[in-house]
Number of protein chains: 2
Amino acid sequence: MASHWEDFYATHLPPPDFEDNRSILKEFCERHKKIGQRIVLITSGGTTVPLEHNTVRFVDNFSAGTRGAASAEYFLEHGYTVIFMHRLKSLEPFTRHFNGQKLMDMLELDERGPNTSITVKPDSVDVLAPVLARYKHAQECGRILYINFTTISDYFWLLRAACECLATFESSALLYLAAAVSDFYVPSNEMPTHKIQSGSGVPNIQLQLVPKLLAPLVSLWVPQAFVVSFKLETDEHILIPKARSALNNYKHKLVIGNILQTRSSRVVFVTPDNNYEVVLTREQQLNGMEIEDGIVSNVIISHTEFMKNSKY
Amino acid sequence: MASHWEDFYATHLPPPDFEDNRSILKEFCERHKKIGQRIVLITSGGTTVPLEHNTVRFVDNFSAGTRGAASAEYFLEHGYTVIFMHRLKSLEPFTRHFNGQKLMDMLELDERGPNTSITVKPDSVDVLAPVLARYKHAQECGRILYINFTTISDYFWLLRAACECLATFESSALLYLAAAVSDFYVPSNEMPTHKIQSGSGVPNIQLQLVPKLLAPLVSLWVPQAFVVSFKLETDEHILIPKARSALNNYKHKLVIGNILQTRSSRVVFVTPDNNYEVVLTREQQLNGMEIEDGIVSNVIISHTEFMKNSKY
């Protein structure tokens, strides 16, 4: 059985920089509350489950963070303010298009002592300029806040803190929970201090079920917000039943289901009323379109509808 | 008990791009063999242990890849040819100095339609130019080969293939095994196909000890090469005994021991004859020096000595 979420907080200390992050979240939300824009909290990337206190080994979830990072760009385009809560080193909006070497390869070095200059090669400008323009624009209007986590415990603490700040946005707040959160963890008091030694044989890892935060999140923390969760499976047959069961359990508005192998071209929206697919055709893919464009547009339509109904 | 290394290869298929990588390694080594330079194989970053065939969850080892990526730069500086075999997305030489946002923030966009240009801000040129110059130089002389792995099985297959190519270099080959390799794994035939379901309770993960590749590597694959392995611990008391015991077991030349918490300022060289520390003082740290500079210099001194003795 999963431990209760309150027990998890009671037995896991907040991360060292928690108070700083809480202040930053608070300040960011208060500033944007005044402007009256819609706000989305995007969680992205996988959480780790440390197996030792001085962590050498950990269990991780497969997630590069593509879904969350791409979606953040589309939400910004649609005028949303974005809190991008992501796994440290997972993909980030804008920079995701260029890894380190790709960017270095675009640069031309003209070494002339104190007059040395570095420019982007003309044939790379076409590719880089539009992304760079959108990046700079988002930075300048301060419409995106980056917050990062590594462990499941970091994630728990930061998610609750973000919800506290988002509650005042009522139905204007959208929670887009795309992070791949661990289902299992090793309780802090059962974790060895030091690196597990292989000489002493195979370790017996005692896993415990992680409490589902969606329950308190939907019912207590942001009861008026529009909450979207994601469900990733590898077995097609259980995807929709599992998505629907999550919806029934937690009473939120939308589960976006996807299959590991096809997740970049097909997802299914599961709502209390129906299911429908959002698909990226092969032609759209070849034209450089991304499925997150369609996902975000559809989510925003539902959010708009939800806000209208919340007013009465 | 650990399974035998031959059983591991017999029960784990090579990764899909294995033959491509083997050809690339072979071609690279043959080209550099003609030039007669010394060559170093650096392994870097952690390996993963998948818990499912359609992998959603895996066990990972803490390693950003700093040690290997920084060392690669210093080996290049000392004239070595470098095979940089690293965990996908771990730090790489040169690009490690600038993450995506840092690099984007250095860029200035001058939007003038078809004459749009992007330049590095003058005050960033000082920081970027020296690294960029070294990066371009290494690329142009083709003295570094990047090969990447993700799982422990990828690592096993690639390491053996690299050793096959390096054997002909005899004592001019240096193996600098800095990767954080998993000690435990889930055998392929005991792994579930699909994502483990949390509804069915806590999974029972049956781990097995990973066979130590150092044994066949030193005695069979590259018996004439200079082999350096690393030992990371969190408990100071067992570091030197464990390093010495590895040296006794595998009969290679050098173990570099380090403690998780102090690894960027202090390591211990454990050789068949003695132990000595390589330390970065606080002052050196403040001057921007890196301990890998000292580690690599000391390793090269030992390698040079070893090559001299091998000739007679």
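A polar contact is a pair of N or O atoms within 3.5 Å; within protein, one must be able to donate a hydrogen and the other to accept it, and residues adjacent in sequence count only if both atoms are side-chain atoms. By that rule, 16 residue pairs, both members at pLDDT 80 or more, are in polar contact between chain A and chain B.

The model is predicted, so local features need pLDDT of at least 70 and side-chain atom pairs count only at pLDDT 80 or more, while totals for chains, interfaces and linings use all residues. Residues are numbered from 1 along each chain as its sequence is written, chains are lettered from A and ligands numbered from 1 in the order in which they are written, and side-chain values use heavy atoms, with hydrogens and water left out.

**The interface**

In all, 59 residues of chain A are in contact (heavy atoms within 4.5 Å) with 59 residues of chain B. The two chains bury about 5500 Å² between them, 64% of it on carbon and sulfur atoms; buried area is the accessible area (1.4 Å probe) that two parts lose on being put together, summed over both. Gln101(A), Met104(A) and Ile118(A) supply 13% of the area that chain A buries against chain B, more than any other three residues. Helix H5 of chain A gives the largest share of the side that touches chain B, nine residues. Helices (H or I, at least four residues) and strands (E, at least two) are DSSP runs, numbered from the N terminus.

**Salt bridges**

A salt bridge is a side-chain nitrogen of Lys or Arg within 4 Å of a carboxyl oxygen of Asp or Glu. The count over all chains is 30, and two salt bridges are found between chain A and chain B.

| Asp183(B) | Arg57(A) | 2.3 Å |

Arg57(A) counts as buried at 3% relative accessibility, where buried means under 20% relative accessible area, exposed over 50%, and partly exposed in between (1.4 Å probe, protein chains only). Asp183(B) lies in the loop between strand S8 (173-177) and strand S9 (184-185) of chain B and Arg57(A) in strand S3 of chain A, so this pair joins two chains. Glu52(A) is buried as well, at 0% relative accessibility.

Glu292(A) lies in helix H10 (residues 291-310) of chain A and Arg67(A) in helix H3 (residues 66-77) of chain A, so their pairing ties together parts that are 225 residues apart in sequence. Glu292(A) is buried at 6% relative accessibility, and Arg67(A) is buried with a relative accessible area of 12%.

**Nonpolar cores and a buried serine**

A nonpolar core is a set of buried Ala, Val, Leu, Ile, Met, Phe, Trp, Tyr and Cys residues joined through side-chain atoms within 4.5 Å. The largest has 118 residues, and those touching the most other members are Leu166(A), Leu175(A), Leu217(A), Leu166(B), Leu175(B) and Leu217(B). Apart from this core lies another, of 89 residues, among them Val40(A), Ile291(A), Phe84(B) and Val228(B).

Ser229(B) is found in strand S11 (residues 226-233) of chain B and is buried, with a relative accessible area of 7%. The side chain of Ser229(B) makes a polar contact of 2.9 Å with the side chain of His252(B).
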